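Subject: Handover of the model and notes on its interior

Dear colleague,

I am passing the structure on to you with this email. Please look through it alongside the notes that come after it.

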Amino acid sequence: MRCLAVFLPRLPTDRLSRRRRGQDAPSPEAEAPLAIWAKLGGAERLTAVDARAEAAGLVPGMAVADARAMRPALRLAEADLRADAELLGRIADWCRRFTPLAATDPPDGLLMDVSGAAHLFGGEAALLAEVERRLAAQGFAARAAIAPGPALTRALARFSRLRHVAEGATREELEAIAAGLPVAALDLDETARHRLDRAGLRSLGDLLARPRAPLTARLGTETMARLDAIACRRREPISPRFEAPDFMAERRFPDGLTRQEDIERTLAALARELCLLLERHGVGARALEAVFYRVDGAVAHIETGTSRPLRDPETIALLLRERLAVLAEEGLDTGYGYDVLRLGAARVERCDAPQADLGVEKIDLAGRESESGARLDDLVDRLGARLGPRRVLRLYPQASHIPELAVALRPACAPAPATAETVPPAYPRESGAPARPLRLFERPEPIEAAALTPDGPPLRFRWRRRLHELAAYEGPERIAPQWWSAPADAATRDYFYVEDREGRRLWLFREGLVGRESAQPRWFVHGLF
């Protein structure tokens with residue numbers, strides 16, 4: 001494993017300084033030293049300083065009053081941890097241009113797995129220089145390092161002048177490198193560091209040379225695990241912000257793309273490359289993600305889902321154009337241009353090759369249904385690309401006898417739930433009429449009903465100010481509430497399939513068992529046939 005770590009020592013001050021970079025005429029105040037402060041332990045202390053403040057002798061941890069006394073012109077800003085975390089996340093997203101496996105290392109660092117990716121940038125040394133150069137161009141002070149493990153790489157970026165550990169270094173060489181690091185690389189609290197300093201243990205080499213059992217008893221197993229990770233005795237994984245897609249294609253350009261036509265043509269070429277990968281593995285895309293990396297560090301994402309496994313490049317390109325059209329309506333800001341475009345299949349499913357056309361002119365009914373289903377799926381995909389995949393919904397059956405709970409709305413591009421295939425269909429009545437109305441009212445509408453017996457069907461009922469005389473009925477169909485999820489006051493329903501003298505067919509129910517759940521049951525209309 002080859003890991004790249006980035007240390008941003010002045011992230012809070014760089015965040016504020018970047019805001020002033022766009023000013024046409026910086027004021028003299030903007031040239032003054034800048035420091036960030038926060039209330040720590042009841043006292044106002046500095047938490048970060050910029051290069052000018054550091055050159056003036058100010059350091060984090062200093063009292064604000066002392067800092068003002070040393071530099072009366074000092075600019076102070078209160079710490080904003082949320083803004084710093086959001087900025088760190090955006091930087092990590094931008095770093096995915098180098099590798100999809102990029103993670104944040106709060107509060108001021110990044111970690112990337114660059115295994116097999118450095119050759120794309122001319123080697124690991126060139127990659128280090130490229131990362132630092134691009135971050136500096138965006139206004140960030142950064143120091144990067146590459147080593148075999150995340151813990152060692154992070155420690156080198158923060159506490160060592162060594163920035164590159166050659167690939168193939170032996171275990172003894174890695175332990176020798178770790179031995180030269182200070183104990184601060186273990187991220188211990190102030191009390192533990194002070195205790196080690198009093199004992200004369202100032203470097204990791206001092207710890208590595210000591211017997212392990214007394215150190216474990218004194219420092220704890222967690223500290224010893226950190227020591228083993230820095231010495232590369234144990235491996236630690238990187239938890240990226242986004243999982244890398246299994247299938248991905250990308251293009252890099254020396255100059256940024258700014259025209260919509262060029263972006264669409266590039267996406268079409270990437271779709272062809274991606275579909276070749278999908279076809280080779282016998283899968284199709286169910287979720288697509290296109291990522292655009294801008295020259296100045298901004299990152300744009302577009303996502304779209306598909307209602308079926310898809311690996312047709314023309315259809316994928318069409319869906320991406322639909323999404324780009326939405327972005328263009330909202331204002332697609334290409335800025336100085338996108339120099340890296342990446343297209344990936346975020347979720348895939350098995351996709352068997354379709355039956356080839358044998359040239360037979362006769363088209364059977366199944367063929368027509370298949371073609372009609374494909375057209376419907378294409379329509380669903382285009383609507384999802386235009387409106388958003390979460391806004392195009394489809395009804396799926398659920399294992400519930402409660403009519404309003406028998407179906408659920410789910411995004412059309414999401415996989416069908418496993419329970420949908422196990423729910424039995426609603427069998428039609430002997431007359432051929434459906435057992436349930438195709439459309440139910442969102443809320444059952446109350447009616448006034450008169451019946452001969454308390455548990456019998458109504459002879460007549462008034463609904464929407466109109467009197468209906470009963471001509472025929474079927475029922476009752478008794479549906480009890482779901483005892484494991486229904487509220488305590490939920491009542492049993494007796495449903496009747498009725499027809500009035502004018503031929504209208506309705507689905508009525510009486511709520512509450514007479515004498516057991518309700519003294520005066522209520523009647524409702526739930527749907528129309």
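Predicted model: local features only at pLDDT ≥ 70, side-chain atom pairs only at ≥ 80, totals over all residues.

Residues are numbered from 1 along each chain as its sequence is written, and side-chain values use heavy atoms, with hydrogens and water left out.

A nonpolar core is taken here as a set of buried Ala, Val, Leu, Ile, Met, Phe, Trp, Tyr and Cys residues joined through side-chain atoms within 4.5 Å, where buried means under 20% relative accessible area, exposed over 50%, and partly exposed in between (1.4 Å probe, protein chains only). The largest nonpolar core has 34 residues, of which Leu152, Leu181, Leu204, Leu207 and Ile230 touch the most other members. A second, separate core of 27 residues includes Leu274, Cys275, Val283 and Leu343.

A cavity is a set of points, on a 1 Å grid over the protein atoms alone, where a 1.4 Å probe fits but cannot get out, and lining residues have an atom within 4 Å of a point; grid points are joined across faces, edges and corners, and a volume is the space filled by probe spheres set on the points. The structure holds four cavities of 30 Å³ or more. The largest has a volume of about 50 Å³, and α14 gives the most to its lining, with three residues. The second largest cavity has a volume of about 40 Å³, and the largest share of its lining, three residues, comes from β11.

Val49 lies in strand β3 (residues 43-49) and counts as buried, at 7% relative accessibility. Leaving aside neighbours within four places in sequence, the residues in contact with Val49 (heavy atoms within 4.5 Å) include Arg10, Thr13, Leu34 and Pro60. Thr13 is itself one of the buried residues of helix α1 (residues 11-19), and what covers the buried residues of α1 includes β2 (34-40), β3, β4 (75-78) and α4 (81-95).

A search of the whole structure finds 38 salt bridges, each defined by a side-chain nitrogen of Lys or Arg within 4 Å of a carboxyl oxygen of Asp or Glu. In one of them the side chains of Arg212 and Asp228 meet at 2.4 Å, N to O; Arg212 lies in helix α10 and Asp228 in helix α11, so the pair ties together parts that are 16 residues apart in sequence. Arg212 is partly exposed at 38% relative accessible area, whereas Asp228 is buried at 11%. Another salt bridge joins Arg504 and Glu502, with the closest N and O atoms 2.2 Å apart. Finally, Arg97, Glu130, Arg133, Arg134 and Asp339 are linked in a network of salt bridges.

With best regards

Methods:
Helix = DSSP H or I, 4+ residues; strand = E, 2+ residues; numbered from the N terminus. 1 Å grid on protein atoms, 1.4 Å probe; cavity = no way out; pocket = protein on both sides within 12 Å on 5 of 7 lines; lining within 4 Å.
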